[in-house]
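Here's a quick tour for anyone meeting this protein for the first time. Have a look at the sequence and the model, then read on.

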Amino acid sequence: MRTATYFFIFLNLSLAVFEEPAVYPLPFLVTSLVEVLCLLVFFGRLTHFAKVTLRNVFWKDTKNICIMVAILLSLTDLAVYGVLRLYNMRSIRWSRIVRPIFLINFAESRQIRRAFRSIRNTLPEITYVFLLFMFSLLMFSLMALKLFGDRNLQTAEGLPYFRNYLEIVFDLYVLVTTANSPDVMMPAFDFSSWYALFFIAFVIINTYIFMSLFLAVVYNNYKKHLKVMFGGVNCD
């Protein structure tokens with residue numbers, strides 16, 4: 001039963017590769033039949049669990065309620081999507097975002113739920129570090145707008161350089177990952193080599209300091225909640 005449950009959960013999650021927009025597209029009838037089969041297996045697994053569990057215990061378990069709601073949402077979305085296709089109307093399979101619910105809420109996925117619970121408990125405690133990082137990013141973006149916005153600089157593609165605040169925020173956010181380095185700073189550097197100091201300061205503060213701090217906070221809090229969950233066992 002456990003192997004079958006994992007197999008159909010994996011099959012259900014894998015449908016995203018074959019549904020529109022797909023990497024390897026398959027006909028809608030094929031993917032819909034496979035999804036219906038997976039949902040029937042999930043419903044049968046839930047019914048079997050209900051037969052061996054006291055009724056008041058079964059209905060008090062939020063995991064069972066989540067699975068039933070996910071099955072109903074998936075079937076409803078599948079039916080609506082199929083009807084709209086018959087009338088050549090475009091729509092979106094929004095129910096795909098509920099598929100991980102099956103992975104988390106079945107009884108066999110206890111370890112996944114523990115990890116998910118630890119992540120959920122960690123999030124509130126890293127909010128302050130994340131907000132501080134976002135404040136630094138927004139302030140540096142404002143400084144970049146004031147430094148470069150009025151100098152009529154252009155990128156290598158001939159586009160305006162650092163004149164839109166939201167685009168600056170996105171570019172500097174990408175710079176934190178160093179994915180667009182050094183391209184993002186070259187128009188300013190070509191105008192004056194002194195502007196490199198701005199980007200050096202940004203990378204030192206946000207990439208090396210804030211990201212290291214963020215990682216340390218996430219790791220320490222996750223380890224703390226995991227240790228509490230396992231009753232004080234060393235989680236290093």
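## The largest pocket

The largest pocket holds about 240 Å³. A pocket here is an open set of points on a 1 Å grid over the protein atoms alone, where a 1.4 Å probe fits, with protein on both sides within 12 Å along at least five of seven lines; lining residues have an atom within 4 Å of a point. The volume is the space filled by probe spheres set on the points.

Thirteen residues make up the lining, and T155, P160, Y161, F162 and D171 sit closest to the centre. By class, the lining has seven nonpolar, two polar and four charged residues.

This is a predicted model, where local features need pLDDT of at least 70 and side-chain atom pairs need 80 or more, while totals for chains, interfaces and linings use all residues. Numbering starts from 1 along each chain, and side-chain values use heavy atoms, without hydrogens and water.

## The second largest pocket

Next comes a pocket of about 200 Å³. Its lining includes E20, P21, Y81 and R96.

## Helix α7

Helix α7 (a DSSP run of H or I, at least four residues) covers residues 165-176.

Just after α7, T178 has a positive phi of about 65 degrees.

Methods:
Nonpolar A, V, L, I, M, F, W, Y, C, P; charged D, E, K, R; others polar. Helix = DSSP H or I, 4+ residues; strand = E, 2+ residues; numbered from the N terminus. Expected span 1.5 Å × (residues − 1).
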